[in-house]
Amino acid sequence: MTVRLGVTGATGRMGREVIAAASEREDCEVVFAVNRDPDGETVDGIDIEPAAAFDSLVADREPTVVIDFTGPESALEYAETCADAGVAFVTGTTGFDDAGREALEAASEDTPVLHAPNFARGVQALVNVVGEAVQNLPGYDVELVETHHNGKRDAPSGTANRLLSEIEANGDFTERTHGREGDAPREAGEIGVHALRAGDITGEHEIILAGNHEEVRLTHRAEDRGVFAAGAVDAAVWIAGQKAGSYDFADVIAE
């Protein structure tokens, strides 16, 4: 079966990469791509259409899955349309508040929805091992540093928040300290969190565990956005065969 893809945010950093990744595969095709202000642009031979036409494009082009990398507000609008149409929805958009996450969960009652802050397989491996590292090193200080390009809006990143949740679930931590200034010695039970924004850095996450006169560093560095796009397309092909529900990239990796 050829998976028919709709792509949102098509002229953005990730939208372009998703279209490029899909064009290299034989098991899927992009049947439409939208952006807020396309201005007659094409990406890898795909005409970019206005985001305002999204609802009618879903009805007319009948995508199997929509891949979204936009912003929280627009992503929820796209998810709602997909839920109404029974179209699977894959999003790497981050920065959702509690209400946004609840809205994605509501959409998943009617269609398959996969939300992941990161589609790199290496990041999933990092998520899998960080909890074990924290368990094996009780009482060690933990710091997390994440670095992204200067246009990234949310801080900490969605991936950082996912890693932090895993750290907190496996250790005795009571608070997150975001940066330090002035007289700010480490307090017991805190996780230091630092978000750096500079240039066109694709993405880097480092977890430092220190104590007992030693330190352990767990690092993932993405050298090209194509790794995220390839993972998102993998997720889209995988979710095309799933029933309505909420999914994570870990589900894709597990098979």
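Me: A strand is a DSSP run of E with at least two residues, a helix is a run of H or I with at least four, and both are numbered from the N terminus. Where does T147 belong, then?

Reply: T147 sits in strand 8, which covers residues 141-148. Before we go on: this is a predicted model, where local features need pLDDT of at least 70 and side-chain atom pairs pLDDT 80 or more, while totals for chains, interfaces and linings use all residues. Residues are numbered from 1 along each chain as its sequence is written, and side-chain values use heavy atoms, with hydrogens and water left out.

Me: Is T147 buried or exposed, and what makes it so?

Reply: Buried means under 20% relative accessible area, exposed means over 50%, and partly exposed is in between (1.4 Å probe, protein chains only). T147 has 12%, so it is buried.

Me: Which residues does T147 contact, leaving aside neighbours within four places in sequence?

Reply: A contact is heavy atoms within 4.5 Å. T147 has L196, R197, I201, G203 and E204 as its partners on that count.

Me: What about P156: where is it, and is it buried or exposed?

Reply: P156 lies in the loop between strand 8 and helix 6 (158-170). Its relative accessible area is 13%, so P156 is buried. Beyond four places in sequence, P156 touches E146, N161, H178, V193 and R197.

Me: What is the peptide bond from A155 to P156, cis or trans?

Reply: That bond is cis, with omega near -5°. Most peptide bonds are trans.

Me: Why are E62 and H213 called exposed?

Reply: E62 has 58% relative accessibility and therefore counts as exposed. H213 has 87%, so it counts as exposed too. E62 is in the loop between helix 2 (54-61) and strand 5 (65-68), and H213 is in the loop between strand 11 (203-211) and strand 12 (214-222).

Me: What is phi in E62 and in H213?

Reply: Phi is near 50° in E62, a positive value in a residue other than glycine. In H213 phi is near 60°, again positive in a residue other than glycine. Most residues other than glycine have a negative phi.

Me: What makes a set of residues a nonpolar core, and how many residues has the largest one here?

Reply: A core is a set of buried Ala, Val, Leu, Ile, Met, Phe, Trp, Tyr and Cys residues joined through side-chain atoms within 4.5 Å. The largest has 55 residues, and I67, V90, L114, F119 and I207 have the most contacts inside it. Helix 7 (residues 226-239) gives the largest share of this core, 8 residues. Apart from it lies another core of 19 residues, with C82, V87, F89 and L104 among them.

Me: Which residues does I67 touch, not counting those up to four places away in sequence?

Reply: The partners of I67 include V90, V18, A232, V233 and A236.

Me: How many helices and strands does the protein have?

Reply: The protein has 8 helices and 13 strands. Of its 255 residues, 47% count as buried.
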